[in-house]
Amino acid sequence: MDTATEKHSLTTLRDRLADYMDKKGLRSTAQRRLVTELFFKSDGHLSIEDLWAKVRRRDPKVGYATVYRTLKMLAESGIAYERKFGDGVSRYEVAHEDEHHDHLICTECGRIVEFEDEEIEKLQEALAKKAGFRLTRHVHELYGHCRDCQAKASA
Ligand SMILES: [Zn+2]
Ligand SMILES: [Zn+2]
């Protein structure tokens with residue numbers, strides 16, 4: 001995703017968040033804003049602990065519970081995707097508009113690689129159609145050992 005598209009997407013997500021908080025009567029506190037902004041700036045798949053570490057570097061007073069609750073709120077409002085990659089840890093990533101990718105996960109070191117493949121997407125659509133489904137979403141996760149871990153194992 002290029003910088004201009006990402007900027008545009010973040011503006012849309014910020015607006016959506018403001019609407020959501022309005023509707024739910026949630027207050028925008030300085031701590032919540034800090035957590036949200038650092039989440040938007042990060043790329044990849046952050047656990048609550050990961051994001052909390054980033055937040056504490058900026059403001060040591062922010063507690064784990066604030067980060068936890070803010071991420072839950074972002075997930076509920078559709079601004080973050082909550083992912084669980086087999087190890088039971090929730091990881092969060094920004095739910096950019098009009099963007100979709102799936103994941104390869106290394107079960108040795110936990111590396112997460114994103115992929116998007118038009119052929120696979122089309123096959124999934126076709127397969128669902130054959131079964132009489134209209135897809136609304138999908139999650140495609142491939143588990144294995146990354147190149148580095150294979151090299152380490154054979155060394
Ligand atoms: Zn690995
Ligand atoms: Zn991802």
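**Close-up 1. Pairing of Asp102 with strand S5 in the predicted model.** The bridge partner of Asp102 in S5 is Phe115. Strand S4, residues 102-106, runs antiparallel to S5, and 4 bridges join the two. Helices (H or I, at least four residues) and strands (E, at least two) are DSSP runs, numbered from the N terminus. Two strands are taken as paired if DSSP finds at least two bridges between them. The structure is a predicted model, in which local features need pLDDT of at least 70 and side-chain atom pairs count only at pLDDT 80 or more, while totals for chains, interfaces and linings use all residues. Residues are numbered from 1 along each chain as its sequence is written, and chains are lettered from A and ligands numbered from 1 in the order in which they are written.

**Close-up 2. The open sheet S5-S4-S6.** The sheet has 3 strands and mixed pairing. S5 (112-115) and S6 (141-144) are the edge strands; each has a single partner strand, so one side of each lacks a neighbour in the sheet. On average, neighbouring strands are turned by 20° against each other, direction ignored.

**Close-up 3. The largest nonpolar core.** This core holds 16 residues, and those with the most contacts inside it are Val35, Phe39, Leu51, Val55, Val67, Leu71 and Ala80. A nonpolar core is a set of buried Ala, Val, Leu, Ile, Met, Phe, Trp, Tyr and Cys residues joined through C-beta atoms within 7 Å. Two or more residues each come from helices H1 (3-24), H2 (30-41), H3 (48-58) and H4 (64-76) and from strand S3 (90-94). Apart from its neighbours within four places in sequence, Val35 is in contact (C-beta atoms, placed from the backbone, within 7 Å) with Leu51, Val55, Val62, Thr66, Val67 and Thr70.

**Close-up 4. Packing of helices H2 and H4.** The axes of H2 and H4 come within 10 Å and cross at roughly 65°. Axes are lines fitted to C-alpha atoms, for helices over the stretch in contact, and angles run from 0 to 180 degrees between N-to-C directions. The crossing is right-handed, the near helix being turned clockwise from the far one by less than a right angle. Gln31, Arg32, Val35, Thr36 and Phe39 in H2 meet Thr66, Val67, Thr70 and Leu74 in H4.

**Close-up 5. Gly63 in the loop between H3 and H4.** Gly63 counts as partly exposed because it has 13 C-beta neighbours inside 10 Å. A residue is buried if 20 or more other C-beta atoms lie within 10 Å of its own, exposed if 12 or fewer, and partly exposed in between, with C-beta atoms placed from the backbone.

Key:
Contact = placed C-beta atoms within 7 Å.
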